[in-house]
Every structure is written in C-alpha cells, then in structure tokens.
Amino acid sequence: MATERALPNLWHATAPAAPRTAPLAGDLTVEVAIVGGGFTGLSAALHLAETGIRTAVIEARMIGFGGSGRNVGLVNAGMWVQPDDLIATLGAAAGNRLLDELGDGPSFVYDLVAKHGIECEAVRNGTLHMSVGAEGLKEIREREAQWKKRGAPVEVLSAEKAHALSGAEGFTGALLDRRAGTIQPLAYARGLARAALAAGAEIFTDTPLLAASRQGDLWNLKTPRGTVTARHVILATNAYGSLVTGVPWKEYRQELTILPYFQFATNPLPDNVAARILPERQGAWDTGLVMTSFRMDRQNRLIFGSIGRLDAIAAGTHRAFAARSVRKLFPYIGDFRFEHWWDGRIGMTTNNLPAMHVLAPNVVSISGYNGRGIAPGTVFGRALARHVTGDTSAIPLAETPVTPDPLRTLKSAFYHAGAQAKHFIDKRF
C-alpha cells in the first residue's frame, strides 16, 4: 500500500479535541482486547464497558485514523447492495435480519449521539442518491420499490424536486431516504471514544499490535512497550489492517479490494450561495460509474468527493476534476478555493457485503463495509460486544471462511488508474 501522507483533512481541523490517550506502557490483563480505534472498535468498547466487561482498545495511530476520520460522513441505512440482491445472496432469514438491523442503523447512531452528547454536527434530514441519466433513474426507482416493500420512508424525486433539494444541475432525479443523515465522522469517532472511556474502557493510541501468542485459553498481544492479555480479541481494522508490517491475523485482507476515495472542501461559502446548495443539508452521492459525492458542513463549506487517491502523480488531476465538477454542478457558486483535501480507503468484498470471520480461537473480525462504515460499523460493534460475552446469535451475519480474491491487487490498481484517467477527461471538453 502507498505510504500514508499528512494531508489537510477538514475533519481534523473542525472536530472537537480527542480525549486524552497515551501508548500502552507495561502489561495489562483484560477480558476483551480490541484492535482498532474506529467506529467498530469504539462501539464494541463502549457496549462492553457499559456491561462491566474490562476492555482495552489498542490503536496503531490515533482515534479515527482510518476510514472513521476520512469518509464522507453519510449515515446511510442498509448496504450498497439492493435489498432483493442481498436476500438472494444471504438467504431470506439472514438477509431480512441484516436488512432490518442496518435499516435501523441510522437511528442507532443518532440515539448514541443524543445519549452521550456527542458534538458531531449531526443532521438527520435524509440523504439524496442522485440519478445520472435514464439508467440512473431506473436504478433509484428499483431501489425505491424494494425498500418500500419493507416499509422504508424512501421516495424518488423528480428532476425538478431533486434540483430544489440539492441545488445541483444535471441530474434526472434523486432517491430521498429519510432514515439517513450526515455527521462529522471524526467528531463522532472521538465522541464514541470519550463515551467508552467514561464507561470504563481503556484506550491506548500509538500502540500497534506486533505479535500474538496463545497461552492456555488466553491471548497475549505484544505491542512496542507492553502486552495485553485477554480471553477474547476483536479485530476491527478493516481496510487499514496493513498499516503495521507483520501484524497477526492478516489473512482477512486477502479478500478486500481497496477502493481509494478523495475529498476536497471549499472555503466557507457566502450565505446566499450556501443557502442554495443542499438547503436542508442532506448529503448526496450519485449513480455514476465513477461515483461522486457532495455535502455541506456546518460552516458552509462544500465537500466534494470521488474515487481516486491523492498521490503525487494523481492529485493535480483529481483537484482539477473536482473544481470543474463543482462549477458545473453549481454554476452560481462564484469564486471559491479548496482549503482542505484528504483521501482514504474503502474495503470492498466480491459480493459487496461485509464478512464475519473467526480467525483463531476467540478472535473475531468483521470487515468489508463497502463504503457504508458509519451505521454498519456502529451496529456491528455492538453485535461484536454481545458475541464475545456469550450471545452467539448477536451478529447478523453467518461466520464464513476467508475467501481470498486473487484479483484484488489488480482491481485496486485499476480503480486508481481508471479514476485518474476518467477525471482527466470528464467535464473537460
């Protein structure tokens, strides 16, 4: 993987300060050790600590370093896969249960935000899935029909209504999902960490997992300056499991294709302009082959994203594409500049659904959120907490063996190069 670079990430600039943490120094014994300080790991830690289970999180970098501090901040319901396709893949019983739990996922997130007083710019006015052309309109109409069969509050909007709610030009319609909303994702992750600490969990940052050994029915996890002994281990690293060379239990990464995604944020826009762009502050993304997204933050910044990595070669192409796209979508925007930009990794699976694995005795992981990390990560964190304390039916996924994707490296390279090529010519001539 490419070396992580320090980029001017808007979420880091505007999130409340993280709770105070430090590297692990010494030897610690807990009931559950969690590897990874993102949405999944922090949700698991919070729910374990609330039941009195001694829990420690070890995070290689800082709270929310991975996808939890880099994503768009859309709190979506369900998965990317359409409901009927999900049921066809998992079966009726398992599929319906997963759809029910993840359909209620945004409610769970916003309930936690309210319960713990998390300051994360939470807005719950829905999201807009914008349709590109006739095929895109057909797609969102099919999504509407499938979700409405399940009683979900979704609605396809006409091109005129989609324009009114988005302020954007050129779309043939939009699917409004009133279950969903937006948050400042890093602020949410830091809020979960603060709540977990208050409940009694321990969190150690700058504490990479280097090795693991089995001692009877306990695991001994080695870190640079200490060890954690635990009966159960939750691996919650997802697309960022490659940050530490030689980390144990890395085989699950062989089934993840890494999809890079970048974002650019403008300066705060004038009030009269900001009032026309997503006036109800829904977040939006489109049905395009190379997807784009856009949303606003509380300070009236427009945040535009698409597929690609901001490396030294591609960054200029993606920046120019973002600027052209913003001007075409919002021709009234006037002068603007990009003040922040960053990128991240999305872990994709071959069936576009998350996977649950038992990687060793009492070592469990869930990975592959396929671009839907916030609500599923929070939901699965709670489920993992219940699972390791004895509720074997808590996780709405069946355990499966790791199924390596031999083409994953090639596909990751194709996504990066293909997006760069398309962004070079798209909306250019």
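1. The backbone nitrogen of glycine 288 lies 3.0 Å from a polar atom of the side chain of aspartate 286. The side chain of aspartate 286 also makes a polar contact with the side chain of threonine 292, at 2.5 Å. A polar contact here is a pair of N or O atoms within 3.5 Å; within protein, one must be able to donate a hydrogen and the other to accept it, and residues adjacent in sequence count only if both atoms are side-chain atoms.

2. On the basis of these values: this is a predicted model, in which local features need pLDDT of at least 70 and side-chain atom pairs count only at pLDDT 80 or more, while totals for chains, interfaces and linings use all residues. Residues are numbered from 1 along each chain as its sequence is written, and side-chain values use heavy atoms, with hydrogens and water left out.

3. Aspartate 286 belongs to strand S13 (residues 283–286); helices (H or I, at least four residues) and strands (E, at least two) are DSSP runs, numbered from the N terminus. With a relative accessible area of 7%, aspartate 286 is buried, a term that means under 20% relative accessible area, as against exposed over 50% and partly exposed in between (1.4 Å probe, protein chains only). Leaving aside residues up to four places away in sequence, aspartate 286 touches His129, Met130, Val132, Phe171, Met291 and Thr292, where contact means heavy atoms within 4.5 Å.

4. Aspartate 286 is also the bridge partner, in S13, of methionine 130. S4 and S13 pair in the parallel sense over 4 bridges; two strands pair if DSSP finds at least two bridges between them. S4 runs antiparallel to S6, and 5 bridges join these two strands. Across this second pairing, serine 131 stands opposite glycine 173, and threonine 127 has aspartate 177 as its bridge partner.

5. How many residues of S4 are buried? The count is 5 of the 5, so S4 is largely enclosed by the rest of the structure. In a regular strand the side chains alternate between the two faces of the sheet. In S4 both faces are covered, with Thr127, His129 and Ser131 buried on one side and Leu128 and Met130 buried on the other.

6. Helix H6 (residues 133–148) has 16 residues and should span 22 Å at 1.5 Å a residue; its end C-alpha atoms are 23 Å apart, which agrees. The expected span is 1.5 Å times one less than the number of residues. Buried in H6 are Gly136, Leu137, Ile140, Arg143, Glu144, Gln146 and Trp147. Their cover includes helices H3 and H4 and strands S4, S5 and S6.

7. Tryptophan 249, between strand S11 (226–235) and S12, has a positive phi near 55° and counts as buried at 10% relative accessibility. Asparagine 300, in the loop between S14 and S15, has a positive phi near 70° and is buried at 15%. Most residues other than glycine have a negative phi.
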